[in-house]
Amino acid sequence: MQTKTILKTDISAWLKSLADKFEVRAPVTEGGVTRFAKIDDSTAIDLSASGPNQTLREHFTPETETLFEYKWSGKDASINTPSIQEKDTFIFGVRACDAGALKYVDAVYSMVEPRDEPYFARREHTVIAGMFCSDPAWSCFCTAVNDFLTNPIEMDLNFTDIGDRYYAEAYTSKGEGILSVPQFQTATAEDAQAVENVRRKALSRLPSKANHAEACLTYDWSHPIFDELAEKCLGCGICAFNCPTCHCFDIQECAKGSKGSRFRCWDTCQFDKFTLMGHGHNPRPSRKERTRQRVFHKFKYSQERYGMLGCVGCGRCISMCPVNIDIQKVVSELEKPV
């Protein structure tokens, strides 16, 4: 593994040099919301927060995406499929939880053939540069569900803030290529020790690992916690739309005379019409069934189907919930000894 350092004062020139080859994205705050946005000026980058409000979902599976366009004239019809992404993207400042979530989403979009080509085209044309969470948010619990923070996955390189510079580690050949420019210097033993100190301090603020993979087998379908959730939940969907592993979408038609398009858009199991069938039956008619589905999907069904939890502990669903539902507390109740 290649390790180097870069002065913070050199970040601007470094990112500017990448713009010739990549579309560069990084956390940018606008209107109180931090998201990964295209940058032309590195001064707009906001790394002060414990993590962006929005996840990488916006990049890999856009909120609205055209699948194909069509038009007809008489008996003749034609279909036009949008071109798959070809330009490379460099995303800077990705947290370990958001990068780790991609392993789960990869499994979802590749489990059934044919795999989702627009998604994987974006994956293959994206270089991910992580940023260690030196100041975890109060709602973070990534260490309880996995070890993404200490053993990052699905990123090409990772940065750690050590004062006047960043310590950079390359995990892939793409990452090594990114670090092979004059702005980066070989890391020293003192740099490595500084990284160790930063990481030890951050980890001391986070919970210890919990064995959810085994405990989920004991979850009680009729547990009273779901009645409590149903009374509190507003069904607003903010938990799903800000979750890095949520991936559900709806497919709609937009017809205009003799032409139109078919597109997909974000959806969530927390909406009452998500499972509504054509003949009117809804197997999840109330919020009790819908909130239970979310919890079981994240901690039980995903483990059974993909061999991994569907939660990476980013804490967004906790910090953003308008009625203060805490999925950690819900899971703790489900896993209490009977």
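In the predicted model, Pro-114 is placed in the loop between α3 and α4 (117-124). The peptide bond that joins Glu-113 to Pro-114 is cis, with omega at about -5°.

Helix α3, which spans residues 96-110, contains 15 residues. From its first C-alpha to its last, α3 reaches 22 Å, close to the 21 Å expected at 1.5 Å a residue. Of the 15 residues of α3, 13 are buried, so the helix is largely enclosed by the rest of the structure.

One of the helices in contact with α3 is α11: the two pack at an angle of about 60°, and their axes lie 12 Å apart. This angle makes α3 oblique to α11, and the crossing of the pair is left-handed. On the α3 side the contact comprises Tyr-104, Ala-107 and Val-108, which meet His-297, Ser-302 and Tyr-306 of α11. Classified by residue type, the contact of α3 with α11 holds four nonpolar and two polar residues, and no charged ones.

Helix α11 (residues 287-306) also packs against helix α9 (residues 225-232), here at an angle of about 115° and with the axes 8 Å apart. Helix α9 is therefore roughly perpendicular to α11, since angles of 65 to 115 degrees fall in that class. The crossing of α9 and α11 is right-handed. Helix α9 contributes Phe-226, Asp-227, Leu-229 and Ala-230 to the contact, while α11 contributes Arg-287, Lys-288, Thr-291, Arg-292, Val-295 and Phe-296. By class, five residues in the contact of α9 with α11 are nonpolar, one is polar and four are charged.

Positive phi values in residues other than glycine were examined in two loops. Glu-154, in the loop between α5 (142-145) and β8 (157-161), has a phi near 60° and is not a glycine. With a relative accessible area of 30%, Glu-154 is partly exposed, because it falls between the 20% limit for buried residues and the 50% limit for exposed ones.

Asn-324 likewise has a positive phi, of about 65°, although it is not a glycine. The residue is found in the loop between α12 (316-319) and α13 (327-334). Its relative accessibility of 60% places Asn-324 among exposed residues, for which the cut-off is over 50%.

Conventions:
Residues numbered from 1 in each chain as written. Predicted model: local features only at pLDDT ≥ 70, side-chain atom pairs only at ≥ 80, totals over all residues. Heavy atoms only, no water. Axes fitted to C-alpha atoms, helices over the stretch in contact; angles between N-to-C directions. Helix = DSSP H or I, 4+ residues; strand = E, 2+ residues; numbered from the N terminus. Parallel < 35°, antiparallel > 145°, perpendicular 65-115°, else oblique. Left-handed = near helix turned anticlockwise from the far one by under 90°. Contact = heavy atoms within 4.5 Å. Nonpolar A, V, L, I, M, F, W, Y, C, P; charged D, E, K, R; others polar. Expected span 1.5 Å × (residues − 1). Buried < 20%, exposed > 50% of the residue type's maximum accessible area, 1.4 Å probe, protein only.
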